[in-house]
Structure formats: structure tokens, C-alpha cells
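These are my notebook entries on a single structure. I set down what I looked up, topic by topic.

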Amino acid sequence: MSDFVIRVAVVDDHPVFREGAAYCLERAGGFEVVAHGASAEDAIRIACDHKPDLILLDINMPGNGIEAARKISQDHAGVKSVILTGSESEEHVAAALEAGARGYIVK
């Protein structure tokens, strides 16, 4: 069994989803949830303060998740962002990947 743990932050403006995602990640093993947030501003602050390996971002949160992914990829190259959202829009997928997100997962 490996001791490798992926440090994750979950940023979504819906508290029930945010807490549920964090709970599932921690229960799965191999993940440590280091921070939670509800806005793009929170995501950028978390990337700076906690330097997680991975930050999960919703698109439709205050401040826009795609813009948060862009700022994080520019200023915190060691923090990988993945969009975790309800939007299946091809435009959102393309914009997220162009902004530097490493993945796009539909809730």
C-alpha cells in the first residue's frame, strides 16, 4: 500500500455538493482535502495559501471557475485544476482547457 496522498481542494458554491465531494474523496483513500471554498476568489486564495496538488472547480460559481483556472494555471503552475460542473457545454469544455484546466468532469 502506498503512502502517496493527493492534496485536494474543493471549490463549489453549493455547500452540500462541496461537502459531499470532499467526504467521498476522503473516504476513497489516497486523498486529503486541504481546503474548501465557494468562489473564484476563494480558489485563487486556496491555491496560494495551501498549494494543493489538485483543485476541483465549478464553472458557475461567483467569479467564474474558468477564470479561476486561468489565474491558477498562470500564477501557481504546481496546482492542477479540474473543472467539476453540471455544464455539458462544448464551449465550456474548450474554454476550460484553454484556460489551463487539466480536465473537465460533468457532475
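The model I am working from is predicted. I looked up C24 and found it exposed, at 51% relative accessibility; it counts as exposed because the cut-off for that class is over 50%. C48 has a relative accessibility of 36% and is therefore classed as partly exposed. I then searched for disulfides, and the structure holds zero. For reference I noted that a disulfide is a covalent bond between the sulfur atoms of two cysteines.

I began with strand β3, which spans residues 54–57. L54 and L56 point one way from β3, while I55 and L57 point the other way. I recorded all of these residues as buried. Strand β1, residues 6–11, runs parallel to β3 and is joined to it by four bridges. Within that pair, V11 stands opposite L57. On β3 I also found a pairing with strand β4, residues 80–85, again parallel and over four bridges. There L56 faces V82 of β4. Between β3 and β4 the chain passes through helix α3, residues 65–75, and I noted this β-α-β crossover as right-handed.

I followed β4 to strand β5, residues 103–106, and found the two parallel and joined by four bridges. T85 stands opposite V106 of β5. Together with α4, β4 and β5 form a right-handed β-α-β unit.

Which backbone nitrogen does a side-chain oxygen of S89 reach at the start of α4? I found that of E91, with the oxygen within 3.2 Å. Helix α4 itself covers residues 90–98. G100 follows α4 and has a positive phi, near 110°.

K51 is not a glycine, yet its phi is positive, about 45°. I placed K51 in the loop between α2, residues 40–50, and β3. With a relative accessible area of 52%, K51 is exposed. N64 is also a residue other than glycine with a positive phi, near 80°. N64 belongs to the loop between β3 and α3. Its relative accessible area is 31%, so N64 is partly exposed.

Is S39 buried or exposed? I found S39 buried, because its relative accessible area is 13% and the limit for that class is under 20%. S39 sits in the loop between β2, residues 31–37, and α2. A polar atom of the S39 side chain lies 3.1 Å from the backbone nitrogen of D42. I next turned to S87, in the loop between β4 and α4. S87 has a relative accessible area of 11% and is therefore buried. The side chains of S87 and H92 are joined by a polar contact of 2.5 Å.

I looked up K71, which lies in helix α3. At 35% relative accessibility, K71 is partly exposed. K71 and A99 are 28 residues apart along the chain, and their C-alpha atoms are separated by 8.2 Å. A77 is in the loop between α3 and β4. I recorded A77 as exposed, at 58% relative accessibility.

How many aromatic pairs does a search of the whole structure find? The search returned zero. I then looked up the ring of F17 and found the charged end of K107 sitting over it, 4.1 Å from the ring centre.

Key
Residues numbered from 1 in each chain as written. Predicted model: local features only at pLDDT ≥ 70, side-chain atom pairs only at ≥ 80, totals over all residues. Heavy atoms only, no water. Phe/Tyr/Trp six-rings, centres within 6.5 Å; stacked < 30°, edge-to-face > 60°. Lys NZ or Arg CZ within 6 Å of the ring centre and 35° of its normal. Buried < 20%, exposed > 50% of the residue type's maximum accessible area, 1.4 Å probe, protein only. Pairing = 2+ DSSP bridges. Right-handed = clockwise from strand over helix to strand, strands pointing away. Disulfide = S-S within 2.5 Å. Polar contact = N/O pair within 3.5 Å; in protein donor to acceptor, adjacent residues only side chain to side chain.
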